[in-house]
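Dear colleague,

I am handing over the structure that follows, together with an account of what was found in it. Please look through it before reading on.

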Amino acid sequence: MSKKTHSVLLMDSMRVERTYTGGKLLDEWQSIHPAKDGLKPEEWIASSTPSRYAPDPTTGLSRIRNDEMKGKFLKDYIAEDPAGVLGKKHFSEFAENQGFLTKIIDSDKRLNIQTHPDRTQAKILFDSDFGKSEAWYVMGGRTIDGEEPYILMGFKPGMTRERWEDLVDKQDITAMEESLHKVTISKGDVFFIPSGMPHAIGSGSMIAEIQEPTDITFRVEKISHPGKTYPEETYHQGVGYKKMFDCFDYTTFSKEEVLKKTKVKHITEKTGINSVKTEIINKDDTPFFSMDRVVIGNSGSWQLDNSMGFASCVILEGRGTITHLSKTYTLNRSDEVFLPCSNETYVFHGDEGSELDILFCYPPGRKS
């Protein structure tokens with residue numbers, strides 16, 4: 001039985017270095033000036049999952065910014081009372097692990113063509129209970145070199161494992177890229193990318209990604225930043241190329257078929273005073289996580305019941321407040337919040353003259 005009372009945890013920003021560049025739109029969204037592209041194109045939201053690629057083992061781990069806990073890692077806070085913070089049911093199944101990870105991704109170059117292991121493969125190869133299925137909510141984007149934001153996903157008809165291995169061995173980047181379906185994306189689009197499906201986020205894309213809580217990525221293009229060469233393990237994650245190729249799903253699709261498999265339709269409902277909730281990803285799409293978008297209109301409100309578990313959220317746009325246990329916290333664009341399990345409702349309010357746009361993220365099995 002938890003003896004602690006848990007409430008709103010505000011998070012510091014956690015920008016993470018990757019093997020691709022971007023971040024200018026992230027800078028603008030986070031009010032960082034001058035905004036520019038660089039080597040930290042991802043923001044990890046209320047994360048207790050570390051990066052596999054950084055020399056600092058704390059990279060990827062979010063810190064709390066509430067005054068009384070300022071600088072404390074969220075991971076450490078959870079470890080002190082995991083059942084109380086995450087909820088007894090979640091703790092009984094996942095222990096101290098949140099069970100999901102959320103990122104904001106802003107690319108100025110196409111990401112490396114990649115895939116991820118499913119849970120069975122991840123357990124065998126990495127002793128991990130989680131693979132890396134993921135879902136993307138398109139926040140926006142920009143035109144780069146005359147090209148609109150896009151994604152690549154799913155093998156076109158005619159692909160085989162033998163052909164894919166040959167293209168990767170030859171590093172025929174053009175043929176590899178042309179082997180996948182190219183889809184132009186727009187703000188509000190949602191895609192679910194299952195483990196094993198080859199994919200890449202294209203240039204100019206700003207995407208909120210919710211995924212299983214690992215940083216395991218198999219890459220097939222041997223690219224480097226200027227002056228920086230990556231070791232082979234960066235591509236096959238230390239398991240070797242044969243096992244890496246085992247993790248690709250060689251199912252082929254027409255463009256219509258791949259969109260039918262991956263593109264998610266929204267379910268919208270009114271849920272409060274001048275507020276609307278849209279289910280971005282729900283339990284019918286995947287058992288691994290879920291995500292909602294809540295838009296609170298001028299002076300409106302919305303309530304979150306966290307009595308059975310926890311959640312996290314990020315403010316996409318607008319201004320407002322959150323009230324819990326008789327204390328009120330100010331919310332602004334790009335603020336990240338961790339919401340522990342609690343018997344008292346979390347109440348969100350939009351400021352007068354502002355529309356508060358919030359993305360809520362939930363763990364496996366959580367019904368929003």
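Ser275 is found in strand S13, residues 267-281, and at 3% relative accessibility it counts as buried; here buried means under 20% relative accessible area, exposed over 50%, and partly exposed in between, with a 1.4 Å probe and protein chains only. The C-alpha atoms of Ser275 and Lys40, which are 235 residues apart along the chain, are separated by 34 Å.

Please keep in mind that this is a predicted model, in which local features need pLDDT of at least 70 and side-chain atom pairs count only at pLDDT 80 or more, while totals for chains, interfaces and linings use all residues. Residues are numbered from 1 along each chain as its sequence is written, and side-chain values use heavy atoms, with hydrogens and water left out.

Turning to the whole protein, its secondary structure comes to 10 helices and 20 strands; these are DSSP runs numbered from the N terminus, with helices (H or I) of at least four residues and strands (E) of at least two. The C-alpha trace spans about 60 × 45 × 40 Å along its principal axes. The radius of gyration is 20 Å, which agrees with the value near 21 Å that a compact globule of 368 residues would have; it is taken over C-alpha atoms, and the globule rule is 2.2 Å times the number of residues to the power 0.38. Of the 368 residues, 58% count as buried, and among contacts between residues at least 6 apart in sequence, 74% join residues at least 24 apart.

As for the interior, in soluble globular proteins nonpolar side chains tend to be buried together. A nonpolar core is taken here as a set of buried Ala, Val, Leu, Ile, Met, Phe, Trp, Tyr and Cys residues joined through side-chain atoms within 4.5 Å. The largest such core has 36 residues, of which Leu9, Ile104, Tyr137, Met139, Phe289, Phe338 and Leu359 touch the most other members. Apart from it lies another core, of 22 residues, among them Ala175, Met176, Ala200 and Phe245. Not counting residues up to four places away in sequence, the residues that Phe289 touches include Phe100, Phe192, Ile210, Ile281 and Tyr362.

Ser31 lies in the loop between H1 and S3, has a positive phi of about 60° although it is not a glycine, and counts as partly exposed at 48% relative accessibility. Pro34 is placed in the loop between helix H1 (24-29) and strand S3 (42-45), and the peptide bond from His33 to Pro34 is cis, with omega near -5°. Leu325, in the loop between strand S16 (319-324) and strand S17 (327-332), likewise has a positive phi, of about 50°, although it is not a glycine, and at 34% relative accessibility it counts as partly exposed. Finally, Gly353 sits in the loop between strand S19 (346-350) and strand S20 (356-362) and is exposed, with a relative accessible area of 64%; its C-alpha atom is separated by 33 Å from that of Pro363, 10 residues apart along the chain.

With kind regards

Note on methods
Contact = heavy atoms within 4.5 Å.
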